[in-house]
Amino acid sequence: MPDRTLDEIMRGIIGVGLLVMFCALVWHHARNREWLNATGWVTGMTAALAALISIVLSYFVLPHHHAGERLMNLLVHGGLNPVCTGLIFGFAALWLTTLVESRSKPLPVRIAWAAIALLHFAAFLSGSRGAMLAMASGHAVLLSARGWQRGRGAVSVFLLTGVLYFTSAPLLARIAQWRSEPAAITASAPGITHHFQKAVARGDNSRLDIYRAGWHAIDNPWLGTGQWGVCGVWQCELQAKTNISMMSHLHSAFLATFVHGGVIGEVLLLGALGCGLRRARRLAVAGDATWIALLAFGCGGLLFDGESLASLATAPRFEGLLFWLPLTIALARGSATSAPANS
């Protein structure tokens with residue numbers, strides 16, 4: 001698509017610039033524990049408010065919506081994609097979970113746990129299996145780092161909200177019937193389809209075909225196809241061999257890095273990730289397991305979703321934050337010469 005070359009290059013430059021500025025800002029404030037805690041609390045409580053408003057509007061108020069549909073954050077552009085909604089709500093829930101221990105007054109603790117439970121349930125309501133995998137990864141790492149005595153509360157909320165979600169189909173169907181017109185209840189009320197059956201029925205959502213197309217689009221395995229303007233390359237491969245007409249991104253940030261940057265790009269990414277994990281583990285041993293848990297969440301969520309980790313001007317436009325925020329903070333705070341984790 002030669003006519004779009006300049007647009008792709010400009011978008012790439014702007015996306016890289018935004019990402020560099022974001023990481024520089026986070027690095028500058030990474031050693032300020034009060035700033036990090038305040039950011040986590042504001043993020044978590046704001047996300048909880050957005051989740052509450054979205055659930056009420058989608059399931060009880062707005063027409064053309066019904067209880068049990070995949071939840072979207074209705075405060076973002078009229079409705080954020082359910083996958084993005086689930087990942088963001090789940091990330092905020094896990095971050096808030098790691099901070100709740102620092103609250104000593106009973107009332108804030110109860111409010112925090114209520115927000116945590118709501119965000120977990122909202123992430124499940126999005127129906128995103130990537131968000132569920134990310135939450136499971138984050139909570140498994142958090143439990144491993146903290147031990148059962150300190151980590152049981154968080155993992156219990158995750159498991160209970162998961163059970164509530166997977167058993168809530170009959171209740172959601174009744175709510176949908178209650179909202180229907182009395183004369184149309186028998187004709188148009190949604191039937192009961194359990195969420196586990198929905199998840200299984202969706203299969204891989206053509207991800208294997210997308211990954212295969214990305215793999216075949218690579219001309220140089222060492223350098224990849226290039227950072228910008230590669231969408232048309234693997235899209236042509238995908239459309240030629242499947243019945244998928246259009247797909248805007250590769251649905252795996254790690255595979256996308258390989259398609260864009262080849263072996264060199266993937267090695268650089270994994271090298272930075274390995275260094276970040278080592279420093280995040282050092283922080284966890286010192287008593288701050290927040291960043292290794294959030295980094296596990298980001299990696300789990302972007303394993304089968306996301307586009308480019310080298311730009312913020314991507315199709316989902318958010319996924320880099322789930323990865324670079326905990327990685328940057330871990331790199332800044334976890335070095336051997338940094339201040340103690342609890343300072």
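This is a predicted model: local features need pLDDT of at least 70, side-chain atom pairs count only at pLDDT 80 or more; totals for chains, interfaces and linings use all residues.
Residues are numbered from 1 along each chain as its sequence is written, and side-chain values use heavy atoms, with hydrogens and water left out.

Quick overview. The protein has 13 helices and 0 strands; these are DSSP runs, H or I of at least four residues for helices and E of at least two for strands, numbered from the N terminus. Of its 343 residues, 49% count as buried. Buried here is under 20% relative accessible area, exposed is over 50%, and partly exposed is in between, with a 1.4 Å probe and protein chains only.

Back to the salt bridges. R33 pairs with D288, with the closest N and O atoms 3.6 Å apart. R33 sits in helix α2 and D288 in the loop between α11 and α12, so this pair ties together parts that are 255 residues apart in sequence. R33 is partly exposed at 27% relative accessibility, whereas D288 is buried at 6%.

Next up, R207 and D305 meet at 2.8 Å, N to O. That one also links distant parts of the chain, with R207 in helix α9 (residues 207-216) and D305 in the loop between α12 and α13, 98 residues apart. Both ends are buried: R207 has a relative accessible area of 15%, and D305 has 6%.

Then there's R212 with D209, at 2.9 Å between the closest N and O atoms. These two are 3 residues apart in helix α9, so about one helical turn separates them. R212 is partly exposed at 45%, and so is D209 at 27%.

Now, which residues have the most contacts inside the largest nonpolar core? They are L87, F89, L119, W291 and F297, in a core of 62 residues. By nonpolar core I mean buried Ala, Val, Leu, Ile, Met, Phe, Trp, Tyr and Cys residues joined through side-chain atoms within 4.5 Å. Helix α3 gives the most to this core, with 11 residues. Take L87: leaving out residues up to four places away in sequence, L87 touches G130, A131, A134, F297, G301, F318 and L322. Contact, by the way, means heavy atoms within 4.5 Å. Apart from that core lies another one, of 15 residues, including L269 and L295.

S126 is worth a look too, in the loop between α4 and α5. S126 is buried, at 0% relative accessibility. Beyond its neighbours within four places in sequence, S126 is in contact with R70, L71, P82 and G86.

Last stop, helix α1. This helix covers residues 5-29 and reaches 37 Å from first C-alpha to last, close to the 36 Å expected at 1.5 Å a residue, the expected span being 1.5 Å times one less than the number of residues. Its buried residues are E8, G12, G15, L19, C23 and V26, and what covers them includes α13 (319-333). I14, also in α1, is partly exposed at 49%. I14 belongs to a nonpolar surface patch of about 660 Å², along with residues including L6, I9 and M21. Patch residues have over 30% relative accessible area and no salt bridge, with like charges joined within 9 Å and nonpolar side chains (Val, Leu, Ile, Met, Phe, Trp, Tyr) within 5 Å; areas come from Shrake-Rupley with a 1.4 Å probe, and for residues only the protein chains shown count as cover.

Terms used:
A salt bridge is a side-chain nitrogen of Lys or Arg within 4 Å of a carboxyl oxygen of Asp or Glu.
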